[in-house]
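Here is a short walk through one protein model. Keep the sequence and the structure in view as you read.

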Amino acid sequence: MASKLAVIRALDNTRTQLYHFTAIAIAGMGFFTDAYDLFCITTITKLLGRIYYPGIKAPGKLPHYITNAVTGVALVGTLMGQLFFGYLGDKLGRKRVYGLTLILMAFCAICSGLSFGSSAKSVITTLCFFRFWLGFGIGGDYPLSATIMSEYANKKTRGAFIAAVFAMQGVGIIFAGLVSMTLSGLFLWWFPRGSLDNPPFFVAQPEADFLWRIVLMIGALPALLTFYWRMKMPETGRYTALIEGNAKKAAVDMGRVLEIELEEEQEKVAQIKAANEYKMFSKTFWEKHGHHLIGTMSTWFLLDIAFYSQNLAQKDIFPAMGLIKKANTMGAVHEVFVTSRAMFLIALLGTFPGYWFTVFYIEKLGRFKIQLIGFFMMSVFMLAIGVKYKELKDPNQHEGWLFAILYGLTFFFANFGPNSTTFVLPAELFPTRVRSTCHAISAAAGKAGALVGAFGVQTYTLDQSTNKIRAAMMFMAFTNMLGFCCTFLVSETKGRSLEEISGEDDGEDQPEEGHDYK
């Protein structure tokens, strides 16, 4: 049985060690890069409008189809990359394709900033091309990082470790705002506002064309800095033993990591491997794991409709909250500065704490409860904003901080809730041989929801119409309540080994007496 295999028993029962934190840092930097690359576009979209589409009536407005393309194309790439790399992670090994995602992310982040040509058509076309492939690389990081962390962690703190990897997404969002704010501040200092920024032109100064390019290219740095350490990580012991069937290599690799000697047990490995050879999407798979897969897919899909709509629409909602002034009162670079500052503050005070509340409480409350609480509270606050949006945006009826608090709480409960748990659960519920693929399918369902947000819900916020934003908020409240209901399709995984959860050990998960790996 898998629970009696020395390598797996050692991984499950070992105390928290330095290598756990090393794995969190290595995998987490990938998510830092992912979040920075996906969300920094929010801070510069209006600048692109001022530079390349000055004929639009409102300053900084892009045509709707251009806005959807620039923000949505990376999400399309991410969805496809998740499926592609998730499948390869099960077929070729987690480590073998792990470095490739970083190389692709770094290369395409640089190329996004070097988008060719000077006309709007050439720049936007090449920007969308490279952001698609950037998203493709980002997509691979989701299933691989989650699977690697879950297979390295011990069973008592596994949820917290996987959540900590994902929490680096919050740090990436903060840095997306901070970097854009800092660079735009420096540009304001170096290049004082010129006549082009004044009415009736509202066209950005030529120097502003460098700003958005630098913001995008900086996304390559964390990926490049992490590559060496990612390549030094050994393949996970579970993959080596249960998929490759190489008991000796698994024992040597994990023995080196844990700094203990482990028994090879080749015969047990062969027995376990033979007992779990059913194919993906076979009748046996659906009987054992079908409801879990439907649960992880549906909850992630519904969550990302709201989560990505929130993030991508920030630039349009900030003026209503009073966090930034109207576009026709600001220069182009100054607009980047105040938009980035608002994004930074919302992320720091609302988004970031939610991630780490999950890290600290996931092993106490469990994944199931946190996901239910998060979905429910998101619905409550989004419904409140939707119903009272007209009053909240009116400074004569309410202070701007009240709107900001309500909006920030939706981010807090997204991250102290389903945005974290939908990432954790697919890495725990499925057997080793299809874990990366099932996580990828679940994550891809999430990105399908994000596309609904980018191409559908976001369209309702672009005109800053009160009625349309109210409708968008109410729709997102409804999708969150559907997510609350779909959560009942998944199971609690707290405190159990991966093999017990997936049924690979036939439910036997009692560690043998006398074995406490330190």
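Buried means under 20% relative accessible area, exposed means over 50%, and partly exposed lies in between (1.4 Å probe, protein chains only). Phe-285 has 0% relative accessibility, so it counts as buried. This is a predicted model, in which local features need pLDDT of at least 70, side-chain atom pairs count only at pLDDT 80 or more, and totals for chains, interfaces and linings use all residues. Residues are numbered from 1 along each chain as its sequence is written, and side-chain values use heavy atoms, with hydrogens and water left out.

Start with the whole chain. The protein chain has 23 helices and zero strands. Helices (H or I, at least four residues) and strands (E, at least two) are DSSP runs, numbered from the N terminus. The protein chain has 518 residues, and buried residues make up 62% of them. Now take contacts, meaning heavy atoms within 4.5 Å. Among contacts between residues at least 6 apart in sequence, 84% join residues at least 24 apart.

Next, the rings. The whole structure holds 37 aromatic pairs. In the pair of Phe-285 and Trp-286, the ring centres are 5.8 Å apart and the planes stand at 85 degrees, so the pair is edge-to-face. Rings of Phe, Tyr and Trp (its six-membered ring) pair if their centres lie within 6.5 Å; planes under 30 degrees apart count as stacked, over 60 as edge-to-face and the rest as tilted. Phe-285 is buried, whereas Trp-286 is partly exposed at 39% relative accessible area. Elsewhere, Phe-31, Tyr-142, Phe-166, Trp-300, Tyr-355 and Phe-423 form one aromatic cluster.

Now follow helix 6. This helix spans residues 120-152 and includes Ser-145. Ser-145 is buried, with a relative accessible area of 0%. Which residues does Ser-145 contact, leaving aside its neighbours within four places in sequence? They are Ala-27, Phe-31, Tyr-98, Val-165 and Arg-230. Of these contacts, Phe-31 belongs to the aromatic cluster. Arg-230 lies over the face of Tyr-98, 3.6 Å from the ring centre. A charge sits over a ring if NZ of Lys or CZ of Arg is within 6 Å of the ring centre and within 35 degrees of the ring normal. Thr-147 is also in helix 6. Thr-147 is buried too, at 0% relative accessible area. Not counting residues up to four places away in sequence, Thr-147 touches Arg-94, Arg-435 and Ser-436.

Turn to helix 15, residues 332-365, where Leu-345 is found. Leu-345 is partly exposed, with a relative accessible area of 39%. Its C-alpha atom is 9.3 Å from that of Gly-408, 63 residues away along the chain. Phe-360 also has its place in helix 15. Is Phe-360 buried or exposed? Phe-360 counts as exposed, at 56% relative accessibility. Phe-360 and Ala-164 are 196 residues apart in sequence, yet 9.1 Å apart in space, C-alpha to C-alpha.

Last, the second largest pocket. Its volume is about 400 Å³. The lining has 15 residues, of which Tyr-19, Thr-22, Lys-232, Pro-234 and Val-257 lie nearest the centre. Helix 2 (18-39), helix 9 (220-232) and helix 11 (247-258) are the elements that give two or more residues to this lining. Helix 2 gives the most, with five residues. A pocket is found on a 1 Å grid over the protein atoms alone, as an open set of points where a 1.4 Å probe fits, with protein on both sides within 12 Å along at least five of seven lines; lining residues have an atom within 4 Å of a point. Grid points are joined across faces, edges and corners, and the volume is the space filled by probe spheres set on the points.
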